[in-house]
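Hi,

Here is the structure I promised to pass along. Have a look, and my notes follow below.

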Amino acid sequence: MFDDSSDSLKQFRFDIVDGRVVAFFEIENGIVEQESIESQDSFVIDGNQITHTKVKSNGVETTLFIDEDNDGFYTVLSESSTDDSGDSGGSSSDDGQTSNSGGRKAFEFDIVNGEVVSVFEVKDGQLRLDRIESNETYTVDGNDVIRTEIEAFGTEIHRFSDPDGDGQYQRVSEQWIPSSNSANSSTREIVQTLSFVSTDDDDLIAVRGDDSVKGGLGSDSFVFRIELSELNHWHIEDFHSSEGDRLVFDTGLGLKSKEHLASFITEAFFDGQSLFVGFTPEISITLVGVSPELLSWDHVDVLS
């Protein structure tokens, strides 16, 4: 969308209504041009910064804008991209430096006297503080860190591991444990552990919007769960219906059936490489290498 050679000379303006970007404009040499916002575009507002994420058939492009003097005009602070091979196009910032960490999200923990005191997300060479919420606790277990998050109708447990001891942890697994008062609520159904690491067996794969996922050689179930207040642009690189792979919607949002899920689809198309299904500007699925004739509702399960 942007010309890298002249981004530093451009300004951008965003129309924000009820905390959401509803329109944005590029300003160059006094000329104002409105940019289109499509279902593949999403925005996150964080103080004087706005992150624009665009999901494409061959990866995800992320642009970070900043309004340093709070005059309503933004400039590009950094840009990054990931591709289907799992490699990253790197991230560039306004100091001219470029970094590349493989495009996969990692985590760093400040551990003092055996306790986690701060958490950082690392992706595309960028380090971002992840605030520890009041309903979260962290436990150090050898080379692993376990996060326990208490929610309204249950507990979610995430395990992070640093097997090589380099200080960067990868997500290994997550598990949902419903509470006793969740029987009559819209909650997640799968209580088995979901894995972020595939094997050659039949796996339950956790799908997150901030990382592409791959299955293994078995019949894998890719499990979608909504992360509230986050972008849920799910990207699966090797879905194979011929191997028995399945798309499992265990969102916790109260979905009742395949027909119920289908009613929320706003856009679906095949671009010659990938199948894209859009629900909202914040929620979409990209299936790399999947053409429409290779996928049907027979490969879909709706649980919640």
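Let's start with Arg 147, which sits in strand S14, residues 144-151 (strands are DSSP runs of E, at least two residues, numbered from the N terminus). Before going on: this is a predicted model, where local features need pLDDT of at least 70 and side-chain atom pairs count only at pLDDT 80 or more, while totals for chains, interfaces and linings use all residues. Residues are numbered from 1 along each chain as its sequence is written, and side-chain values use heavy atoms, leaving out hydrogens and water.

Arg 147 is buried but makes no salt bridge, and Glu 149, the nearest side chain of opposite charge, is 4.0 Å away. Buried means under 20% relative accessible area with a 1.4 Å probe, protein chains only; a salt bridge needs a side-chain nitrogen of Lys or Arg within 4 Å of a carboxyl oxygen of Asp or Glu. For charge, Lys and Arg count as positive and Asp and Glu as negative, with His and the chain ends not counted. Leaving aside residues up to four places away in sequence, Arg 147 touches Glu 136, Tyr 138 and His 158, among others (contact is heavy atoms within 4.5 Å).

Asp 41 stands opposite Lys 54, and Gly 47 takes a positive phi near 65°.

Finally, 5 strands form an open, mixed sheet ordered S19-S21-S25-S24-S23. S19 and S23 each have a single partner strand, so one side of each lacks a neighbour in the sheet.

Cheers

Methods
Helix = DSSP H or I, 4+ residues; strand = E, 2+ residues; numbered from the N terminus. Buried < 20%, exposed > 50% of the residue type's maximum accessible area, 1.4 Å probe, protein only. Pairing = 2+ DSSP bridges.
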